[in-house]
Every structure is written in structure tokens, then in C-alpha cells.
Amino acid sequence: MSGNKEEEDPRINGIKTKIRVVPDFPKKGIMFQDITTVLLDPKAFKDTIDLFVERYRDKNISVVAGIEARGFIFGPPIALAIGAKFVPLRKPKKLPGETIFEEYELEYGNDRLEMHIGAVEAGDRALVVDDLIATGGTLCAAINLLERVGAEVVECACVIELPDLKGRQRLKGKPLCMLVEYR
Amino acid sequence: MFAVENGLQGDPRLKAISDAIRVIPHFPKTGIMFQDITTLLLDPVAFKHVVDIFVDRYKHMNISLVAGVEARGFIFGPPIALAIGAKFVPLRKPGKLPGRVISEEYELEYGSDRLEMSVEAVKSDERALIIDDLVATGGTLSASINLLERAGAEVVECACVVGLPKFKGQCKLKGKPLYVLVEPREFDDITLYN
């Protein structure tokens with residue numbers, strides 16, 4: 001896992017082979033990393049979650065923040081297994097209560113991420129989860145939201161990293177854990 | 001059918017689940033008492049109760065596929081799928097799923113929307129469970145049932161955390177049974193300060 005060249009866990013190759021690359025989606029030139037095919041394989045999906053749970057269960061994580069929408073698929077199973085709360089970070093106007101927001105640039109466009117006020121407290125130790133890190137813009141916005149309310153972001157966790165986009169450098173010094181690289 | 005009608009009468013987990021839901025009045029518009037499940041997700045014990053109750057119900061029903069409706073169905077569906085060894089299939093707003101998809105239109109109060117599913121999601125002889133956080137009109141779930149049936153799956157049941165009281169008893173959606181944990185909470189002063 002992560003950027004370390006340690007011996008790779010044998011489950012990782014099984015996950016990697018299940019990821020489907022779809023060319024020119026959502027537009028020409030983008031090689032889209034489709035994780036829905038991983039979800040169609042119960043063993044590969046379970047292995048993905050287990051790898052993260054094994055890494056985080058003894059790190060005193062009190063909150064798992066998942067980025068809408070694919071972060072909602074991976075975040076909750078991890079949160080449940082490690083006994084942490086789950087906090088959805090959402091597109092604008094979806095969360096019904098009072099929120100704070102952070103603006104960010106996407107690989108293709110601009111957007112805003114929102115979090116409920118009161119969901120995360122000062123002193124919470126947070127893990128941020130998304131399916132993939134590209135430019136790191138969304139994860140950086142997530143880190144900002146959590147830090148603004150006084151949480152400590154322990155790490156960001158993604159299934160896939162696109163290292164050529166250097167997103168790892170945009171995480172305000174926070175470490176990244178990923179399972180599969182795509183170059 | 002509600003959980004209390006089917007063996008869980010008096011189960012303290014149902015009260016814990018209901019108590020953990022927050023009501024936001026007049027969201028997204030005046031008159032709607034929005035049932036906010038994000039507060040349930042902040043309570044790991046109550047969140048786990050939801051998953052446990054659904055897993056207990058479905059683990060021996062030979063479910064091969066759990067379909068979750070974007071986006072809050074993505075939160076409840078995967079933990080259930082993982083626990084029962086089923087695949088998870090996201091049902092998404094238009095344009096989000098890559099590759100070949102089938103699409104189903106459904107009505108909103110004003111206008112309509114579409115739900116999409118990947119054609120690769122369903123093999124033959126699949127027994128499917130559909131999950132969402134809440135059922136109100138049943139429009140989204142009906143569209144979901146249509147997508148799965150068009151792809152050749154058998155929809156065994158639809159399951160939601162919250163459902164309007166009209167879904168008591170043998171109420172079905174497009175002939176499919178519906179299983180609901182709790183009724184909507186009322187808005188009161190206590191909720192305001194949750």
C-alpha cells in the first residue's frame with residue numbers, strides 16, 4: 001500500500017485487475033478509472049475494505065469523512081469496522097442542516113464541498129476517503145473543512161492514485177494511502 | 001412492512017435508530033419535514049444496528065446483488081452487501097456511470113429525473129435487494145425496480161431506514177415487498193438542539 005516499495009499485499013493485484021478503465025469518459029482524453037467493477041466482485045470489494053481497516057483500526061480514528069459520491073461507498077464500511085463516525089462531505093445544497101463550505105478546482109471544472117456544522121468536533125482524529133486522487137483538489141478541500149472545525153486529519157485514503165497529476169503534493173502535508181497506481 | 005410488524009416489536013435498536021435521526025423542518029422546501037440520517041451516521045452504535053437488522057433479514061435469502069440509490073443508498077447498501085457476500089450496484093443520476101447503461105425515467109413533484117444502471121451489473125439469475133435511506137412516494141424505488149427487472153434480475157425486496165406510515169402492512173411497490181425500519185420522526189423542540 002501507499003508509496004512505500006514494501007512487498008505488495010497479494011490482495012492488491014486482485015483489486016487492480018477488477019478496475020475498469022474507460023477511455024474518453026466523461027470527455028475525450030480522460031482515461032476514467034471505474035471502480036464499480038470492483039464492487040461487482042464481493043471478494044475484491046471486501047479485500048479493499050479489509051486493507052484499509054487493517055491499517056486504521058489501531059490509529060484511534062474517531063471520524064471517517066467520505067467525499068460524495070464514491071467516497072460514500074468505501075467510507076462507511078471502514079467507519080463501521082473501526083467504530084468511527086461517518087461524515088458525508090457533499091455537493092452544494094444537499095445537506096439539510098447548517099453547513100460550512102470550501103471551494104475547489106476539479107480536474108475538469110470547479111465545485112464546492114459542504115459539511116454539516118456539529119458533525120466533527122475539535123480534537124476528532126479524521127480519515128478522509130475517496131475512490132481516487134487525481135489533482136488532489138477535492139481532498140484538499142476536505143482537509144480544509146475538517147481542520148477549520150479543529151479536527152486533526154491523520155491521513156487520506158484512496159483506492160486509486162493518478163501520480164502524474166501530483167495530487168499527493170496538495171494534501172497540506174498530510175500522508176496519502178492508496179492501493180493502486182495508474183500512470 | 002415495518003420492522004415492528006415483523007418480529008422486532010420492542011427491539012430497543014429501533015428506538016435507538018429513530019432517536020438518532022434529526023428532523024429539519026422546511027427542507028428542501030416549506031412543508032417538508034426532512035428526515036436527516038446524517039446524525040444516525042454520527043452514532044456508530046445506531047448505524048451498526050441498521051446494518052445488523054438488514055443483514056439478519058437478508059443473509060439467508062440468497063441475495064446476490066444489492067442495488068443502492070444515489071447518494072444515501074450508497075451509504076447503507078455497501079455494508080449490507082459486504083456482510084452478505086453480494087455485489088453492490090450503484091443506481092446513479094444521469095451521466096455519472098461510464099460504459100453502457102440503461103436508464104429509467106421517474107416523476108418528481110415538478111418535472112422528472114432519470115436513474116441509470118450499468119448493463120454489466122446484472123448477470124442471469126440474480127436475486128436483488130434495493131436500498132435507499134427513505135421511501136416517500138416510491139417513485140425512485142419503482143424506477144429502480146424497473147431497471148433491475150429490465151436487466152433480468154428478480155427483485156426480492158426494497159429496504160429503507162425510514163418510510164411513511166402508508167407502507168405498513170402488505171403494501172407493495174410494483175408488486176415487490178417493502179421493508180422499513182422506522183417511521184418519520186416528528187419535529188419538536190428536542191430535535192432542535194440535537
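Predicted model: local features only at pLDDT ≥ 70, side-chain atom pairs only at ≥ 80, totals over all residues.

Mentor: What follows is a short talk about the sheets, the cysteines and some local details of the backbone.

Trainee: Okay, what is the strand order in the open sheet of chain A?
Mentor: The 5 strands of that open sheet run in the order β4-β3-β7-β8-β9 (chain A), and their pairing is parallel. Strands here are DSSP runs of E with at least two residues, helices are runs of H or I with at least four, and both are numbered from the N terminus; two strands pair if DSSP finds at least two bridges between them.

Trainee: And which strands stand at the edges there?
Mentor: Those are β4 (85-89) and β9 (176-181) of chain A, each of which has a single partner strand, so one side of each is left without a neighbour in the sheet. On average, neighbouring strands of this sheet are turned by 20 degrees against each other, direction ignored. For such angles, axes are lines fitted to C-alpha atoms, for helices over the stretch in contact, and values run from 0 to 180 degrees between N-to-C directions.

Trainee: How many bridges are there between β3 and β4 of chain A?
Mentor: Strand β3 (residues 63-67) of chain A pairs with β4(A) in the parallel sense over 5 bridges, and Ile67(A) stands opposite Leu89(A) in β4(A).

Trainee: Switching to chain B, how many helices and strands does it have?
Mentor: Chain B has 6 helices and 10 strands. Its radius of gyration is 16 Å, close to the 16 Å that the globule rule gives for 194 residues, so chain B is as compact as a globular protein of that length; the radius is taken over C-alpha atoms, and the rule is 2.2 Å times the number of residues to the power 0.38.

Trainee: How much of it is buried?
Mentor: Of the 194 residues of chain B, 55% count as buried, where buried means under 20% relative accessible area, exposed over 50%, and partly exposed in between (1.4 Å probe, protein chains only).

Trainee: And what is the pairing in its sheet?
Mentor: The pairing is mixed in an open sheet of 6 strands with the order β4-β3-β7-β8-β10-β9 (chain B). The edge strands, β4 (87-91) and β9 (172-173) of chain B, each pair on one side only. Strand β9(B) runs antiparallel to β10 (residues 176-182) of chain B, and 2 bridges join them, with Leu173(B) opposite Lys176(B) in β10(B).

Trainee: Which helix packs on that sheet?
Mentor: Helix α5 (residues 139-150) of chain B does, touching β3 (65-69), β4, β7 (127-135), β8 (154-163), β9 and β10 of chain B, and its direction makes about 165 degrees with that of β7(B). Contact here means heavy atoms within 4.5 Å.

Trainee: New topic: how many disulfides are there over all chains?
Mentor: The count comes to 0 disulfides over all chains, a disulfide being a pair of cysteine sulfur atoms within 2.5 Å. Cys140(A) is in no disulfide, as the nearest cysteine sulfur, that of Cys156(A), is 9.1 Å away.

Trainee: Which peptide bonds are cis, for instance around Pro26(A)?
Mentor: The bond from Phe25(A) to Pro26(A) is cis, with omega near -5 degrees, and Pro26(A) lies in the loop between β1 (20-23) and β2 (31-34) of chain A. A cis peptide bond also joins Glu68(A) and Ala69(A), where omega is about -5 degrees.

Trainee: Last one: is Lys93(A) buried or exposed?
Mentor: Lys93(A) counts as exposed, at 71% relative accessibility. Although Lys93(A) is not a glycine, it has a positive phi of about 70 degrees, and it lies in the loop between β4 and β5 (99-106) of chain A.

Terms used. Residues numbered from 1 in each chain as written. Chains lettered and ligands numbered in written order. Heavy atoms only, no water.
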